[in-house]
Amino acid sequence: MKSILPPAIAFLGLLALPLCAEDAKPLLNKPGKVISAPDFKQPLGPEWVPATGKGTWVPADGILSVTEIPEQKHIPVLHLTTGPTPLIWECEFKFNNGKAFLVGCDAQKHVGRVIIGPKSFKIAEDSTEVTGKVPSHTLNETAVDLKPDAWHTLRVEYAGDQIAARLDGKDLTAQNDYLATPKVRWWFAAADSVQIRNVKITEGQPIAGSAASAK
């Protein structure tokens, strides 16, 4: 009897291709020059700066492991200076026992962020934020159900006064005047314990005809 395993594997591979293509489909920008694509097999480069001195960021075997230290009373934050350019931020992450995973952007102060919990996915702008007193202003939000032991695919794009994000094929877009503030850096942050891999940050060119390209 002939084995049906190889054709089955080939068929499953074909099924996976559209999903990968969908993950890579632009939200706001066409990709350009790569700003950073660390392999996490060696120490982080000087462009990556642990911002608060809190928690730990440990790269090994292609994975960046982030651990919050509760007694330090601040989640770990890792900065990347990008300059005020539209960009595309891609990665995969695993929650493990984490409670939140964030990707945000700053000028002199915080500007906006994507906030992901096991059950929520949202985009917020930070004009209202006062640390410990007033939270960020949520612009768009949807429910999710993220398994803690699975890898999740995230794509975040910024152009003009818009931020868009795609989480496991689910898209969110937000537009706000404050988001147009020229950003100089972006960051990761994680509550409790999270792992990150396949990070790539790319300069973006706003897609012709979009609201961002018209600005």
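Arginine 197 lies over the face of tryptophan 151, at 4.0 Å from the ring centre, where a charge counts as sitting over a ring if NZ of Lys or CZ of Arg is within 6 Å of the ring centre and within 35 degrees of the ring normal. The model is a predicted one, in which local features need pLDDT of at least 70 and side-chain atom pairs count only at pLDDT 80 or more, while totals for chains, interfaces and linings use all residues. Residues are numbered from 1 along each chain as its sequence is written, and side-chain values use heavy atoms, with hydrogens and water left out.

Among contacts (heavy atoms within 4.5 Å) between residues at least 6 apart in sequence, 66% join residues at least 24 apart.

An open sheet is built from seven strands in the order E2-E5-E14-E7-E8-E9-E10, with antiparallel pairing; two strands are taken to pair if DSSP finds at least two bridges between them. Its edge strands, each pairing on one side only, are E2 (48-50) and E10 (137-143). From one strand to the next the twist averages 15 degrees, based on axes that are lines fitted to C-alpha atoms (for helices over the stretch in contact), with angles running from 0 to 180 degrees between N-to-C directions.

Strand E5 is mostly covered, since four of its five residues are buried. On to E14 (residues 185-191), E5 is joined by five bridges, again antiparallel, and here leucine 80 has tryptophan 186 as its bridge partner.

Another set of strands can be followed through E12 (residues 162-167), in which six of six residues are buried. Gln162, Ala164 and Arg166 point one way from E12, whereas Ile163, Ala165 and Leu167 point the other way. Strand E11 (residues 152-159) pairs with E12 in the antiparallel sense over six bridges, one of the pairings being that of arginine 155 with arginine 166. These two strands form a hairpin with two residues between them, and glycine 160 in the turn has a positive phi of about 60 degrees. Strand E12 is also joined by six bridges to E13 (residues 170-175), which runs antiparallel to it, and alanine 165 has leucine 172 of E13 as its bridge partner. The hairpin of E12 and E13 likewise has two residues between the strands, and aspartate 168 takes a positive phi near 50 degrees there.

The side chains can be read next. In soluble globular proteins, nonpolar side chains tend to be buried together. A nonpolar core is here a set of buried Ala, Val, Leu, Ile, Met, Phe, Trp, Tyr and Cys residues joined through side-chain atoms within 4.5 Å. The largest such core has 39 residues, of which Trp89, Phe101, Ile116, Phe188 and Ile196 touch the most other members. Apart from it lies another core of eight residues, among them Leu102, Ile115, Ala124 and Ala191. Not counting residues up to four places away in sequence, the contacts of tryptophan 89 include Trp48, Leu80, Arg155, Trp186 and Phe188.

A search of the whole structure finds eight aromatic pairs, in which rings of Phe, Tyr and Trp (its six-membered ring) have centres within 6.5 Å, planes under 30 degrees apart counting as stacked, over 60 as edge-to-face and the rest as tilted. Phenylalanine 93 and phenylalanine 101 form a stacked pair, 4.5 Å centre to centre with 25 degrees between the planes, and both are buried. Ring pairs link Trp48, Trp89, Phe93, Phe95, Phe101, Tyr158, Trp186 and Phe188 into a cluster.

Proline 26 lies in the loop between helix H1 (5-24) and strand E1 (29-36), and is partly exposed with a relative accessible area of 33%. Leaving aside neighbours within four places in sequence, proline 26 is in contact with Arg155, Glu157, Arg166 and Ile207. Proline 26 and isoleucine 88 are 62 residues apart in sequence and 8.6 Å apart in space, C-alpha to C-alpha.

Definitions and conventions
Buried < 20%, exposed > 50% of the residue type's maximum accessible area, 1.4 Å probe, protein only.
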